[in-house]
Amino acid sequence: MSTIDWGNLAFGYIKTDYNIRTHYKDGKWSELEATSDETLNIHMAATCLHYGQEAFEGLKAFTGKDGKIRIFRMRENALRMQSSCRGILMQELPVEIFEEAVVKAVKMNERFVPPYGSGASLYIRPLLIGTSAQVGVKPAAEYTFLIFVTPVGPYFKEGFKPTPLVILRSYDRAAPHGTGTYKIGGNYAASLVAGNKAHEMGYSAVLYLDPKEKKYIDEGGPANFFGIKNNTYITPDSSSILPSITNMSLMQLCKDLGIGVEKRPVPEDELATFEEAGICGTAAVISPVERIDDVEENKSYVFSKDGKAGPVSTKLYEKLRAIQNGDEPDPHGWVTVLG
Ligand code: PLP
Ligand code: COI
């Protein structure tokens, strides 16, 4: 434990002390329990294994200058997990139980919350799965919800430095009326081949186009997309992307800072007009985009030539991090400060 090098953490799994669990059976969720067991003992015919009844979330906790731990927007994650459950017919977990489990998971693993100034954070991973046996394609009758936590550094090795993305037109992560708006494992399974290909080609992630027309920007593999021009933040409106809580927060910060906001379909051609571009998410925070190559079409859109993020992205990044760390006031009540 004393060997954790907080300043050089990657985005990966490190064992912590406890994970928190509850089980749904006979119409009710059990009392929250804490365990140090990293494994699950489930039926071989569980629906999560065969029919993808699995949803997850991602949120973070930070240590402030005052030494207090702050959890960012956990209620939004609870609500989004409920939406994912409705999307694939799983039992919804009440918001209050989700929040209680998050707080418990963080408190019981307090020694793993990275210190103020390290740049690292505690990543909180809630998971909900169908556990009872089905052989026909039907939803489970029983479910398990759990939360584990792990200290993490930046998702992309560059951190807050511009990174290259690629458009790979022969792959989609979601269908036009499919499950792209839910945070479920199937969407990530669908993105693995393209993601691997992007990495082999030297890119940090895929930027997906809308799966119907291949004309509009959808989102990055693990994060939403935004472009900046004329002091305006422009982000795709699409029925096949995840509603990102970071993106929602950045749109509010833009309003607070007098930056324009447009949420609308973004045609690929418009990339050529952006002064800055970025992808945003819990893991990615804001990752500025260096360039986007549409390899099949032989097009390239460049946003950073000097290896630096643009001024609007930088301002937004600093503001978001300051609220998360407690360096600045939290006017919208996004942060839960642990006592
Ligand atoms: N889009 C996808 C596909 C993601 O996996 C994530 C990560 O959670 C996001 C967007 C960003 O969402 P959020 O800001 O809520 O983390
Ligand atoms: C997150 O940002 O929390 C994510 O879930 C992205 C990725 C790790 C799947």
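**Ground rules.** I number residues from 1 along each chain as its sequence is written, and I letter chains from A and number ligands from 1 in the order in which they are written. In this predicted model, local features need pLDDT of at least 70, side-chain atom pairs count only at pLDDT 80 or more, and totals for chains, interfaces and linings use all residues, while side-chain values use heavy atoms, with hydrogens and water left out.

**Entry 1: ligand 1.** I looked up which residues come nearest to ligand 1. Of the 16 residues around it, these are Tyr 188, Glu 219, Ser 244, Thr 246 and Thr 282. I count a residue as near if one of its heavy atoms lies within 4 Å. By class, the shell holds 6 nonpolar, 6 polar and 4 charged residues. Here Ala, Val, Leu, Ile, Met, Phe, Trp, Tyr, Cys and Pro are nonpolar, Asp, Glu, Lys and Arg are charged, and the others, Gly among them, are polar. Helix α6 (245-257) and strand β15 (276-281) each give the shell at least two residues. Helices (H or I, at least four residues) and strands (E, at least two) are DSSP runs, numbered from the N terminus.

Next I checked polar contacts, meaning pairs of N or O atoms within 3.5 Å. A nitrogen atom of ligand 1 is 2.6 Å from a side-chain N or O atom of Glu 219. A backbone N or O atom of Ile 245 is 2.8 Å from an oxygen atom of the ligand. Lys 183 has a polar side-chain atom 2.9 Å from an oxygen atom of ligand 1. The protein covers 97% of the 380 Å² of accessible area that ligand 1 has on its own. Areas use the Shrake-Rupley method with a 1.4 Å probe.

**Entry 2: ligand 2.** I found Phe 11, Phe 56, Arg 125 and Pro 222 among the residues around ligand 2. Tyr 188 and Thr 282 are also in this list. The shell divides into 7 nonpolar, 2 polar and 2 charged residues. Domain 1 (6-152) and domain 2 (163-325) each supply at least three residues. Those bounds come from an automatic or database domain assignment.

Which side chain has an N or O atom 2.6 Å from an oxygen atom of ligand 2? I found Tyr 123. Lys 183 places a polar side-chain atom 2.7 Å from a ligand 2 oxygen. Ala 283 has a polar backbone atom 2.8 Å from an oxygen atom of ligand 2. The protein covers 89% of the 280 Å² of accessible area that ligand 2 has on its own.

**Entry 3: two loops.** Most residues other than glycine have a negative phi. I noted that Lys 214 has a positive phi of about 55°. Lys 214 lies in the loop between β10 (205-209) and β11 (217-220). Asn 230 has a positive phi of about 50°. I placed Asn 230 in the loop between β12 (224-229) and β13 (232-235).

Definitions and conventions
Polar contact = N/O pair within 3.5 Å; in protein donor to acceptor, adjacent residues only side chain to side chain.
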